[in-house]
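Please look through the sequence and the model shown here before reading on.

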Amino acid sequence: MEESSKAFSSLSITVEKGQAQTEQEPPHEALFLVLTYLPVYQVLAMSQVCKALRDAVNNDVLPWLNVIVERPLSSRLSDEILVKITSKANGRLKTLALMNCTHITDKGLQRVVEQNPLTNKLHIPACTGITAEGVTRAVQTLCQRSNCLSTLRINGIYNLQKEHLDMLAMNLRKNVPLEEQQMQKPNYYHKRGSFTVFSREENQRIIDLETCPKCFEVTMVYDCPKVECMKREKPQVQCRGCKFCIPRCENCGGCVGSEEEEEAACADILCLECWLQLPKCNFCNKPYCKQHENWWCSSLDPIFLCRVCDEHSHGYTYTDVL
Ligand SMILES: [Zn+2]
Ligand SMILES: [Zn+2]
Ligand SMILES: [Zn+2]
Ligand SMILES: [Zn+2]
Ligand SMILES: [Zn+2]
């Protein structure tokens, strides 16, 4: 995906230049291939670039084989629009990735999977309008009709119980060879945000959720990247578990014992080792974690100022401003 977005930015420059010289010159062929990997709202934006791209978006199947809906379209996507968009793939839809599309219901999802039996990626994280029963039914429909479904992302769907997970795993495992199942990659807490639909390393996990070995809830379960933890063999001392059972460092994903737990200026948890290495606010002596590095109000060495201390120094809060 990164590659394709690079190609996208350099190619769009070519298009602009090309258009300035002559109206008729069509955009580079590769640009049409890039369309396949873009989220829906970018596909729509591309249709505004020139006539050839508009025609491709309106009439070709290619831009619609992978339907990825993320912000800002997520909250506006309805069942009706979803069915309309996916019907452009003519039954050949490969990826259905709906990120946080809260208005999509079981009915909408079911209609799409019935019309698209070849779907191999079903990613519906935080689509809270879809129920556990709805997911199970959709997966059963897909697995009965084809042998394609290879990854399922359902984190954030409410009330998923062990019975649902067992049923989903049973349906999916028919489709995936055993070796591939065993090759499942570990799931690290600090990498959870770097997930994209097309990333290769991500492909190997079949279902994102598991039963937590500590609390037995169906949730995201994280592995520990600490070398000393990976050597432990007894399951009762292993630090594999959900984020509630095992507190983890935001930067390295390692388990954090209560005696070495440090708080960052963003209120995330850091292990002592990571905490020591980070620059800290000159007033409260707290660092920011990796994901909130851009929260520094001033980061001109040697002055570091976090949001909280900046608020205090101005007498207003960020929530007032927002
Ligand atoms: Zn747990
Ligand atoms: Zn750490
Ligand atoms: Zn650990
Ligand atoms: Zn501070
Ligand atoms: Zn943070």
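Predicted model: local features only at pLDDT ≥ 70, side-chain atom pairs only at ≥ 80, totals over all residues.

Residues are numbered from 1 along each chain as its sequence is written, and chains are lettered from A and ligands numbered from 1 in the order in which they are written.

The largest nonpolar core has 46 residues, of which Val67, Val69, Ala97, Leu98, Ile104 and Val139 touch the most other members. Such a core is a set of buried Ala, Val, Leu, Ile, Met, Phe, Trp, Tyr and Cys residues joined through C-beta atoms within 7 Å; a residue is buried if 20 or more other C-beta atoms lie within 10 Å of its own, exposed if 12 or fewer, and partly exposed in between, with C-beta atoms placed from the backbone. The elements giving two or more residues to this core include α3 (40–46), β1 (66–69), β2 (95–98), α6 (106–115) and α7 (132–145), where helices (H or I, at least four residues) and strands (E, at least two) are DSSP runs numbered from the N terminus. The most is given by α7, with five residues. Apart from this core lies another, of 17 residues, among them Cys255, Trp275, Cys281 and Tyr288.

Valine 40 lies in helix α3 and counts as buried because it has 22 C-beta neighbours inside 10 Å. Leaving aside neighbours within four places in sequence, valine 40 is in contact with Val67, Ile68, Val69, Leu73 and Ile85, contact meaning that the C-beta atoms of two residues, placed from the backbone, lie within 7 Å. The C-alpha atoms of valine 40 and proline 63 are separated by 8.7 Å, although these residues are 23 residues apart along the chain.

Turning to the helix pair, α6 and α7 pack at an angle of about 5°, with their axes 9 Å apart; the axes are lines fitted to C-alpha atoms, for helices over the stretch in contact, and angles run from 0 to 180 degrees between N-to-C directions. The two helices α6 and α7 are therefore roughly parallel to each other, a term for angles under 35 degrees. The contact is made by Asp106, Leu109, Gln110, Val113 and Glu114 of α6 and by Gly134, Arg137, Ala138, Thr141 and Leu142 of α7.

Within α6, Gly108, Leu109, Val112 and Val113 are buried. What covers the buried residues of α6 includes α5 (79–87), β2 and α7.

Methods: Parallel < 35°, antiparallel > 145°, perpendicular 65-115°, else oblique.
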